[in-house]
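Colleague: I am new to reading models like this one. Could you take me slowly through one part of it, and then show me what lies around that part?

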Amino acid sequence: MKTDVSFLAGHKVEVYTATWCPDCRRLDRWLELNGVPHSKVDIDTADGAAEHLEESTGKRGVPYLKLDGAKWVRGYHKELPTRFDPALLANELRQALGG
């Protein structure tokens, strides 16, 4: 599902992820479909990644997006039956960037 994420142009997007995580795979597909350049930080293999995520967000769950090295956005919606709403995530990302 295509979503307008043009506001992410020029921003650094890192995804804290894990290979065993279905929500992470869903988010990655959505980012790819929408042409959002991003890097992945695997919390199981990158030194200190899991600890950094928990210290920064207070959470241990993935996926989380880190924008411009500073702003964190949860990459799933556990409160929804589908666990993911593209329009809601786009709005959350926009808000995190001050838009």
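Modeller: Happy to! Two residues are in contact when heavy atoms of theirs come within 4.5 Å of each other. Before using that, please keep in mind that this is a predicted model, where local features need pLDDT of at least 70, side-chain atom pairs count only at pLDDT 80 or more, and totals for chains, interfaces and linings use all residues. Residues are numbered from 1 along each chain as its sequence is written, and side-chain values use heavy atoms, with hydrogens and water left out.

Is H77 buried or exposed? H77 counts as buried because its relative accessibility is 0%; the cut-offs are under 20% relative accessible area for buried, over 50% for exposed and anything in between for partly exposed, with a 1.4 Å probe and protein chains only.

What does H77 touch? If we set aside residues up to four places away in sequence, H77 is in contact with R83, F84, D85, L88, L89 and E92. With E92, the side chain of H77 also makes a polar contact of 3.1 Å. A polar contact is a pair of N or O atoms within 3.5 Å; within protein, one must be able to donate a hydrogen and the other to accept it, and residues adjacent in sequence count only if both atoms are side-chain atoms.

R83, one of the residues that H77 touches, sits in the loop between β4 and α3. R83 is partly exposed because its relative accessible area is 30%. Its phi is positive, about 65°, although R83 is not a glycine. That deserves a second look, because most residues other than glycine have a negative phi.

D85 is another residue that H77 touches. At the start of α3, a side-chain oxygen of D85 comes to within 3.0 Å of the backbone nitrogen of A87.

Now we can follow the helix itself. In α3, which covers residues 86-96, the buried residues are P86, L89, A90, L93 and A96. Why are they on the same side of α3? They span an arc of only 125° around the axis, so they share one side of α3; the arc is that of the directions from the helix axis to the C-beta atoms. A87 and Q95 are exposed on the other side of α3. What do the buried residues pack against? Their partners are α1 (22-33), β3 and β4. After α3 comes G98, with a positive phi near 85°.

T3 lies in the segment before β1 (13-17). Leaving out neighbours within four places in sequence, T3 is in contact with W30, N34, P86 and A90. T3 counts as buried because its relative accessibility is 18%.

Next, look at β3 (64-67) and β4 (71-74), which the buried side of α3 packs against. In the loop between β3 and β4 you will find D68 and A70. D68 is partly exposed because its relative accessible area is 35%, and its phi is positive, about 55°, although D68 is not a glycine. A70 counts as exposed because its relative accessibility is 53%. Although A70 and K12 are 58 residues apart in sequence, their C-alpha atoms are 9.8 Å apart in space.

Finally, the rings. Rings of Phe, Tyr and Trp (its six-membered ring) pair if their centres lie within 6.5 Å; planes under 30 degrees apart are stacked, over 60 edge-to-face, and the rest tilted. By this rule there are three aromatic pairs. Y64 and W72 form one that is edge-to-face, with 6.3 Å from centre to centre and 70° between the planes. Ring pairs join Y64, W72 and Y16 into a cluster. Y64 is buried because its relative accessible area is 9%.

One stop remains in the loop between α2 (49-57) and β3, where P63 has its place. A cis peptide bond joins V62 and P63, with omega about 10°; most peptide bonds are trans.

Note on methods. Helices (H or I, at least four residues) and strands (E, at least two) are DSSP runs, numbered from the N terminus.
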